[in-house]
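User: I am new to this structure and would like to understand the terms used to describe it. Please set each value against its definition.

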Amino acid sequence: METKRVDKINYYLSIAEAVASRGTCLRKNYGCIIVKNDEIIATGYTGAPRGRKNCIDLGYCTKKKILPDIRHGGYDACRSVHAEQNAIISASRKDMIDRKSIFSRNKKRYW
């Protein structure tokens, strides 16, 4: 029986989607992995910076609480940091110098 092996891009995207499930935003969650020389060097997901409470822990979206009538925009009131930013912050500096690939996927939550 022949089994089909998933290609590398879809393999990495599925890992990024799994990372998104760790996201702490109540509205949208993304997961990101940084790959260098076929090795995952960092991951990141949507959420508040380290040391700050996440909206999921607070039980409400701070952006929606501060700006309830603004659907698009007002992101300066949002506690979350992008998944890509968190992955870059988590990666070691030496790993980020040369060529690498970033794979990102979203995991939507509807409230």
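User: Why is Asn-86 counted as buried?

Analyst: Asn-86 has a relative accessibility of 17%, and buried means under 20% relative accessible area, with exposed over 50% and partly exposed in between (1.4 Å probe, protein chains only). Asn-86 therefore counts as buried. The model is a predicted one, in which local features need pLDDT of at least 70 and side-chain atom pairs count only at pLDDT 80 or more, while totals for chains, interfaces and linings use all residues. Residues are numbered from 1 along each chain as its sequence is written, and side-chain values use heavy atoms, leaving out hydrogens and water.

User: Where does Asn-86 lie?

Analyst: Asn-86 belongs to helix α4; helices are DSSP runs of H or I with at least four residues, strands are runs of E with at least two, and both are numbered from the N terminus.

User: What makes the length of helix α1 agree with expectation?

Analyst: The expected span is 1.5 Å times one less than the number of residues. For the 13 residues of α1 (residues 8–20) this gives 18 Å, and the end C-alpha atoms are 18 Å apart, so the two agree.

User: Which residues of α1 are buried, and how do you know on which side of α1 they lie?

Analyst: Tyr-12, Leu-13, Ala-16, Val-19 and Ala-20 are buried in α1. They cover an arc of only 110° around the axis, so they lie on the same side of α1; the arc is that of the directions from the helix axis to the C-beta atoms.
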